[in-house]
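Please read this note with the model open beside it.

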Amino acid sequence: MPHLTEGDQVAILIGTGNNGGDGFVIGRSLKESGYEVDVFLIPPEEKIRGMASNQKRIFERVGYTWIPYKNVEEQMEWKLQNYTVVIDALLGTGIKGTPRSPYKEIIELVNKVNGRIISVDVPSGIPVLEVDDSFDGSGIKADETYTFQAPKITNFIFPFAPYFGDVKVLDIGIPKKALEKHAGTRKLIIETIVQKTLPNRKPNAHKGSNGKALIIGGSQFMPGAPILTTNACLRSGTGLTTLAVPEEILPIVSQNSTEATFRSLPSLDGEIKTNNLYDELSLNLFYGIAIGPGMGRRNEYSLFESFEHYEGLLVIDADGLFHLSKELPKWKGGRRAGPTIITPHTGEMGRLTGLSTATIEKHRFEVSKTFAKTFGMYVVLKGPYTIVTSPSGMQWVNQSGNPSLAKGGSGDVLTGIILGFLLQHQSILEALCNAVFIHGKTADKLVKTQDGLSVTATDILGNIGKIIHSTRYHS
């Protein structure tokens, strides 16, 4: 039941299906609670079927009346402006394609009202599955959506997500086992779970027992990226962190990452020259490696040949993904000896898959899953509602974060947090989910005290520790 205040004037707009049945139930409950409610039946009465018909009959038998839309059609725009709350129970999860008349016209009118707009289960006109490409913008722009049992996929997909407004999930009694059987491949990253699964230091811990990390990247024109990644890795708890960069930028990075150790690599045109990183860096000395931040694209690298026999954790980000895209067939089927994690944003995922950014935005879940299963990789598809996908196809959706993260360097910081957490968690998936949550929550905390436009990657970096602490000790 939506929260209402005394004096609210409520309009409920009802369609033919189950959503309409819910509308009649809401109308009856609100009337019984003493609220002033007008119920409008939008389709012709003879089209009402199933649950909507049953609930309509109950609504009528207890003495309540409804208003046929055809009787007030010409005055509807004016009438809607008189309500403080408009409840949308028009179209539910069964919609396919563009809403037809009279729903299309009603949706346009509702979006003009000044009152609070509340949708039941899903805003009318919004598809539930990401595979629906027919959306033309005809949907209710809700302030709140009360959705049943679990969020809908399009709640996390643009351009659909903004239509939902503030989403509240209502438990309607579906058995947990049944829910897991049919929808268990996608889950939300929940703060209480993050809190329980953050790594803890043992009393006898030493620097070597908390992970040995290597970060490979940097170039003459992008020395800052690997610095951010390295410092984020350190802030996330890694015991020993080494940064390998082209020889000419070593003086710069060593002054800005004083807790790390360093390896100087041969340089060509301001970027790393060597193609045999396995032998050059003795990779098996490290438990986990991140490659790509600020690496550049002038020189060619065979990442697969460098890491094929490396048994540790490998995180590929930024320019590392560019080089990965040049040799993807070699990685098919998860042929590398150890686990591989990639962290692309939408544009980088487009390069890896050959799909347009628009296609990826509408099909984020399926694109991530297909890529993860095909190449045996963990995929962290960054953006609003970052999606973490395992090689088996299981997916987790992150809800923390805000647009302040849309700034250069944010991804470099996330890569460092990911690598740091990977080396301290027993579970790769827990590490990835916790990392993206902490990264986003740090941004959420910052925008409470400063404008989002001013938040920088360095701000995120400087507050990681505070957010890990507050998450660990507070619900």
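The points below treat the basis of the model, a helix contact, and the salt bridges in turn.

1. The structure is a predicted model, in which local features need pLDDT of at least 70 and side-chain atom pairs count only at pLDDT 80 or more, while totals for chains, interfaces and linings use all residues. Residues are numbered from 1 along each chain as its sequence is written, and side-chain values use heavy atoms, with hydrogens and water left out.

2. Helix 8 (residues 224-235) and helix 17 (residues 410-422) have axes that come within 7 Å and cross at roughly 35 degrees. Helices here are DSSP runs of H or I with at least four residues, and strands are runs of E with at least two, numbered from the N terminus; the axes are lines fitted to C-alpha atoms over the stretch in contact, with angles from 0 to 180 degrees between N-to-C directions. The crossing of helix 8 with helix 17 is right-handed, that is, the near helix is turned clockwise from the far one by less than a right angle.

3. Which residues of helix 8 meet helix 17? They are Ala225, Leu228, Thr229, Ala232 and Cys233, and they face Asp412, Val413, Thr415, Gly416, Ile417, Leu419 and Gly420 in helix 17, where contact means heavy atoms within 4.5 Å. The residues of this contact divide into seven nonpolar, four polar and one charged, with Ala, Val, Leu, Ile, Met, Phe, Trp, Tyr, Cys and Pro counted as nonpolar, Asp, Glu, Lys and Arg as charged, and the others, including Gly, as polar.

4. The model has 13 salt bridges, each being a side-chain nitrogen of Lys or Arg within 4 Å of a carboxyl oxygen of Asp or Glu. One of them joins Asp121 and Lys152 at 2.9 Å, N to O. Asp121 lies in the loop between strand 5 (116-120) and strand 6 (144-148), and Lys152 in the loop between strand 6 and strand 7 (166-170), so the pair ties together parts that are 31 residues apart in sequence. Both Asp121 and Lys152 are buried (under 20% relative accessible area, with exposed over 50% and partly exposed in between, for a 1.4 Å probe and protein chains only).

5. Lys441 forms a salt bridge with Glu191, the closest N and O atoms being 2.5 Å apart. This pair links distant parts of the chain, with Lys441 in helix 18 (residues 428-446) and Glu191 in helix 7 (residues 191-197), 250 residues apart. Lys441 counts as buried because its relative accessibility is 16%, whereas Glu191, at 25%, is partly exposed.
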